[in-house]
Amino acid sequence: MNRLAHAVSAYLRSAAGQPIHWYPWGSEAFAAARAADRPILLDIGAVWCHWCHVMDGESYEDPALAEFLNARFVCIKVDRDERPDVDTRYQRAVQLLTRQGGWPLTAFLTPDGDVFHGGTYFPPEGRLGRPGFRTVLNGVLDAYHGRREQVSLHAAAIRRAVVDGPDAAEPGQVTPALLAEGEGQMLAAFDPARGGFGIEPKFPHPGAITFLLHRWDDQRAVAPREAVERTLQGMARGGIHDQLGGGFHRYSVDREWIVPHFEKMSYDNSELLRNYADAYTAFGAPEYLAAARGIVRWVRDVLADPDGGYGTSQDADVGLDDDGDYFTWTRAEAAAVLDPDALEIAADFYDIGTAGEMHHNPAKNVLYVATTTADIALRTGRAETAVRATLERADAALLAARNQRTPPFVDRSRYAGWNAMMAAAMLRAAAVLDDEPARAHALATLVRLRRESPEPDTVPHTAGGVAGLLDDQVHTAAAALDAWEATGESAWLDWSLAIMHRVWADYHDAEAGGLYDTTGSGDAEGLLPARARPVQDAPTPSANGTAGIVAARLHAHTGQIIWAERAAALTESFAGSLAELGLYGATCLIAADWVLNSPAHLVVTGPADSAVAAAMHARALRHFAARRVVQRVTGGSGGGQLPAAAAGMVAASGGAPRAFLCAGTACGAPAATLEEWERTLADFSATGAMG
């Protein structure tokens, strides 16, 4: 066993038995490289990454190659999920060199951690237009030992480019035109034929879906709604959606959403859960509700820790020669578990034929919705209800059979930011789906995050692990605000405020504006002293954009002007570059929307034990609006500040159960019953005005 045997990361532990003398990231590895004057081989991957496993099996488990590497290199292995700060900087460096990135990332460094050569996957022998790994290694050694001065100059230039910042953005004014231009960029990339953005491969882009949904809610224009609905429908019906087990795979390799990369990521599914829950409340389509329920089911069955918290990912494969075999079906495999009637319906609905979509095994079929139950009923002369019942029976049988297969590995690591994102999404889904267990587990997750944090105003990336990452802070602060809205317990609001005050103390760039991605006070090896200001959604929501949204929401909840000022200053720091970022600037554009436009306040008052108030609060939480703030006021609650007009009416109500909808500086008439409140919300959704 090498030095990775006791690593916390599942990805690192999976390499503990390899003959490579791997080091984890840290000062010991760099000291060894300096002492021996050897170049560093840096391998960055993830447990869910198919080609990482391939390169491990082909190269790093080869004893002869391991002997070669051990004698000439210092080898460092990094889990990109555990160390996103390392991955961000070295991805940037290799992209500057090669114009490509991804995983596995294979970088060659000087003993000081500067990159002078790199790439992604290298096969053992040259193929697929890629040089063989041994050829690459010999070339690196020749350059390092034979052209040292040139290597040093080249590496220094890459360092300067990384230090200048991977997300450099221009300041500008936050105006309505900025939102319109950003919308235009997204709609220009929209694929009207199949949904989604671009041609192929296709990624979900949940931030863009959220932004366009908000634009539709404000303006009721056809184009943003079409982009949202066509994309959500395309994904829900495609192979990117696990039609049996629920949840979504990471991306589709084709335009039609049929053949995915089969890994499932927590961060994708949390944001897609919000998309489908919001779209269901906005448009009422049953398939959006079904997709949301499926995500919740997958999270509950696969990722959730009973004590609170969520795992990180589910792998795509079980073995190196496997490509989604757990999730795909041959016609014979389906026939073995379905009766002839169920097979006929399922094969028609999911296009299960003798010729499938998978290149490694052409008989393997990805399940996707190829037709409708209505069409099947018409063609077969059956009642549609009978077709649906048969399909449900087929689904249950296929899923039961799939559950007998060896499942792909689940990484149960709990990363603060991703756990907060999922907890927030589950709170939203719980309100829409009326799912109390999802709500309880989300709150338990946030309680655990708070309990495991050594300080009251910051959270580490992992319990006892690396700390000082902006993403973890802002997503936790956002989820704490969601918990405050869901419960009315002021401790959640206080926690969000404390975290965000600490964020401005530790991460704020006082000169250029915006927030750095790290505190800059931790690990100083290699390129880590370089600090970035993350603007793009790549792939998780931009930390600066999320911070802007949280600051604007804090202003809405507390009335403290400092949060309005911080939200405005933050978005202005990047406004000059946002529109051109299009899809990748969605979260920052949503923050700009919060800065420009007032939210709707949904205020519910009444005793904590009032069933009427509880029902009206639940209905407020379920409501969709582009910018929505929910406030539950009880006799003993505090911490928030109501809009002036609402405060007066709340006082006049004498503590009786009432619900108020306020927009800008005006509030509508109070609702005394759930029925009145339903009408108020429906009228506001239909007209954008209060009755």
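In β3, Ile 76 is the bridge partner of Leu 42. The structure is a predicted model, in which local features need pLDDT of at least 70 and side-chain atom pairs count only at pLDDT 80 or more, while totals for chains, interfaces and linings use all residues. Residues are numbered from 1 along each chain as its sequence is written, and side-chain values use heavy atoms, with hydrogens and water left out. Helices (H or I, at least four residues) and strands (E, at least two) are DSSP runs numbered from the N terminus. Two strands pair if DSSP finds at least two bridges between them.

β2 and β3 run parallel and are joined by six bridges. β2 also has five bridges to strand β4 (residues 105-109), and here the two run antiparallel. One of the pairs involves Ile 44, whose bridge partner in β4 is Leu 105.

Is β2 mostly covered or mostly open? Six of its six residues are buried, where buried means under 20% relative accessible area, exposed over 50%, and partly exposed in between (1.4 Å probe, protein chains only). In a regular strand the side chains alternate between the two faces of the sheet. In β2 both faces are covered, with Ile 40, Leu 42 and Ile 44 buried on one side and Leu 41, Asp 43 and Gly 45 buried on the other.

## Helix α2

Helix α2 (residues 27-36) has Ala 29, Phe 30 and Ala 33 as its buried residues. They cover an arc of only 95° around the axis, so they lie on the same side of α2; the arc is that of the directions from the helix axis to the C-beta atoms. The face turned away from this buried side carries the exposed residues Glu 28 and Ala 35.

The cover over the buried residues of α2 includes β1 (23-24), β2 (40-45) and β3 (74-79). Contact means heavy atoms within 4.5 Å. After α2 comes Asp 37, which has a positive phi, near 50°.

## Leu 141 in helix α6

Leu 141 belongs to helix α6 (residues 133-146). With a relative accessible area of 11%, Leu 141 is buried. If residues up to four places away in sequence are not counted, Leu 141 touches Pro 39, Phe 68, Arg 72, Phe 73 and Gly 146. Phe 73 is 68 residues from Leu 141 along the chain, and their C-alpha atoms are separated by 8.9 Å.

## Cysteines

How many disulfides does a search of the whole structure find? There are two. A disulfide is counted as a pair of cysteine sulfur atoms within 2.5 Å. One joins Cys 49 to Cys 52, with an S to S distance of 2.3 Å. This link is right-handed, with 85° about the S-S bond, and both Cys 49 and Cys 52 are buried.

The other disulfide is formed by Cys 662 and Cys 667, whose sulfur atoms are 1.9 Å apart. Its link is right-handed too, with 105° about the S-S bond, and Cys 662 and Cys 667 are both buried. With bonded cysteines counted along the chain, the pattern is 1-2, 3-4.

Cys 75 counts as buried because its relative accessibility is 2%. Cys 588, at 5% relative accessibility, also counts as buried.

## A three-stranded sheet

An open sheet of three strands has the order β8-β9-β10, and its pairing is antiparallel. β8 (264-265) and β10 (410-411) stand at the edges with a single partner strand each, so one side of each is left without a neighbour in the sheet. Two bridges connect β8 with strand β9 (residues 313-314). In one of the pairs, Lys 264 has Gln 314 in β9 as its bridge partner.

## Helix α24

Helix α24 (residues 611-622) has 12 residues and spans 17 Å from its first C-alpha to its last, close to the 16 Å expected at 1.5 Å a residue. The expected span is 1.5 Å times one less than the number of residues. At the N-terminal end, Ser 610 caps α24, with a side-chain oxygen 3.4 Å from the backbone nitrogen of Val 612.

Which residues of α24 are buried? They are Ala 613, Met 616, His 617, Arg 619, Ala 620 and Leu 621. The buried residues of α24 pack against α17 (416-433), α19 (470-487), β11 (600-605), β12 (628-633), β13 (658-663) and α26 (674-687).

Notes
Polar contact = N/O pair within 3.5 Å; in protein donor to acceptor, adjacent residues only side chain to side chain.
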